[in-house]
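Here is a short briefing on one protein chain. Look over the sequence and the structure, then read the points below.

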Amino acid sequence: APHLLGLPSLHTGHWDPIMRACEETGTVVCLHVGSSGTSPATAPDAPSDTVGVLFFGYAMFAAVDWLYSKIPVRFPELRICLSEGGIGWVAGLIDRLEHVRMYDSMYGTWNDVADAPADVFRRNFWFCAIDDPSAYRQLDVMGATNVMVESDYPHADSTWPNTQQMLREHLAGLSDDAIERITWRNASELFRHPVPEAVQHDPDAF
């Protein structure tokens, strides 16, 4: 949300040279809960708990802003990673994108794009789960190739030091392939950080 910092918005085309460079070099654009130094809020006098509960909302707002800026349309190989925003909202947003798609002719924004917004969303965005147990039941909507996990250490809401046990519980029932993708392979491929074969079979290997 650069406009909140007094900078040109994503919709101006101002940032296209940077986006082009990121696409050409395979550099992942990592967005920390939407960034811009602000947080979603309700009433000015609402307790601080509301900000904590709504933290995921900024990731969702940022994703929609980036998507409809058409930056990922102009740069189809660009990879955008939303960290610390959770994944519980992703399937619901995809449903909403599909619904609003029916009114493209009214809005006009997407009329000249062949790929549907939801398809571009799945192609160009990656999401990081922290503590989202129910969201894993919606992997068929989100796609297992776009989901990763993080512990958010050392923040107060980190899942550390219980991250491994939590993941065993949250991922129980998923296929071995989905578990492998979510826990390490997606991150390895996204950030081009190969994991040695020995470590793939034994995380404690040296």
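Proline 161 sits in the loop between strand 4 and helix 9. The model is predicted.

**Backbone geometry**

- Most residues other than glycine have a negative phi, and most peptide bonds are trans.
- Tyrosine 153 and proline 154 are also joined by a cis peptide bond, with omega about 10°.
- Proline 154 lies in the loop between strand 4 (147–149) and helix 9 (163–170).
- Aspartate 152 is found in the loop between strand 4 and helix 9.
- Phi of aspartate 152 is positive, near 60°.
- Aspartate 152 is buried, at a relative accessible area of 9%.
- Lysine 70 has a positive phi too, near 65°.
- Lysine 70 follows helix 3 and belongs to the loop between helix 3 and helix 4 (71–74).

**Salt bridges**

- Side chains of opposite charge can pair when their charged atoms come close.
- The count of salt bridges is seven, with a cut-off of 4 Å between side-chain nitrogen and carboxyl oxygen.
- Arginine 74 and aspartate 16 form one of them, at 2.9 Å from N to O.
- This pair links distant parts of the chain: arginine 74 is in helix 4, aspartate 16 is in helix 1 (residues 16–25), and they are 58 residues apart.
- Arginine 74 is partly exposed, with a relative accessible area of 37%, whereas aspartate 16 is buried, at 12%.
- Lysine 70 forms a salt bridge with aspartate 112, and the closest N and O atoms are 2.8 Å apart.
- Aspartate 112 lies in the loop between helix 6 (104–107) and helix 7 (117–124) and lysine 70 in the loop between helix 3 and helix 4, so the pair ties together parts 42 residues apart in sequence.
- Aspartate 112 is exposed, with a relative accessible area of 63%, but lysine 70 is buried, at 17%.
- Aspartate 115 and arginine 123 meet through their side chains in a salt bridge, at 3.3 Å from N to O.
- Aspartate 115 is partly exposed, with a relative accessible area of 39%, and arginine 123 is partly exposed at 32%.

**Buried aspartate 132**

- Aspartate 132 is placed in the loop between strand 3 and helix 8 (139–142).
- Which side chain of opposite charge is nearest to aspartate 132? Arginine 137 is, at 12 Å.
- Aspartate 132 is buried and has no salt bridge, because a salt bridge needs nitrogen and oxygen within 4 Å.
- The side chain of aspartate 132 does reach the backbone nitrogen of glycine 88, at 3.4 Å.
- Beyond its neighbours within four places in sequence, aspartate 132 is in contact with Gly86, Ile87, Gly88 and His170.

**Strands**

- Strand 1 (residues 29–32) and strand 2 run parallel and are joined by four bridges.
- Histidine 32 has serine 83 of strand 2 as its bridge partner.
- Three bridges pair strand 2 with strand 3 (residues 125–129), again in the parallel sense.
- Leucine 82 stands opposite phenylalanine 127 of strand 3.
- In strand 2 (residues 80–83), Ile80 and Leu82 point one way, Cys81 and Ser83 point the other way, and all are buried.

**Helix 3**

- Which residues of helix 3 (residues 55–68) are buried? They are Gly57, Tyr58, Ala59, Ala62, Ala63, Trp66 and Leu67.
- An α-helix has 3.6 residues a turn, so residues three or four places apart point the same way.

Definitions and conventions. Residues are numbered from 1 along each chain as its sequence is written. This is a predicted model: local features need pLDDT of at least 70, side-chain atom pairs count only at pLDDT 80 or more; totals for chains, interfaces and linings use all residues. Side-chain values use heavy atoms; hydrogens and water are left out. Buried means under 20% relative accessible area, exposed over 50%, partly exposed in between (1.4 Å probe, protein chains only). Helices (H or I, at least four residues) and strands (E, at least two) are DSSP runs, numbered from the N terminus. Two strands pair if DSSP finds at least two bridges between them. Lys and Arg count as positive and Asp and Glu as negative; His and the chain ends are not counted. A polar contact is a pair of N or O atoms within 3.5 Å; within protein, one must be able to donate a hydrogen and the other to accept it, and residues adjacent in sequence count only if both atoms are side-chain atoms. Contact means heavy atoms within 4.5 Å.
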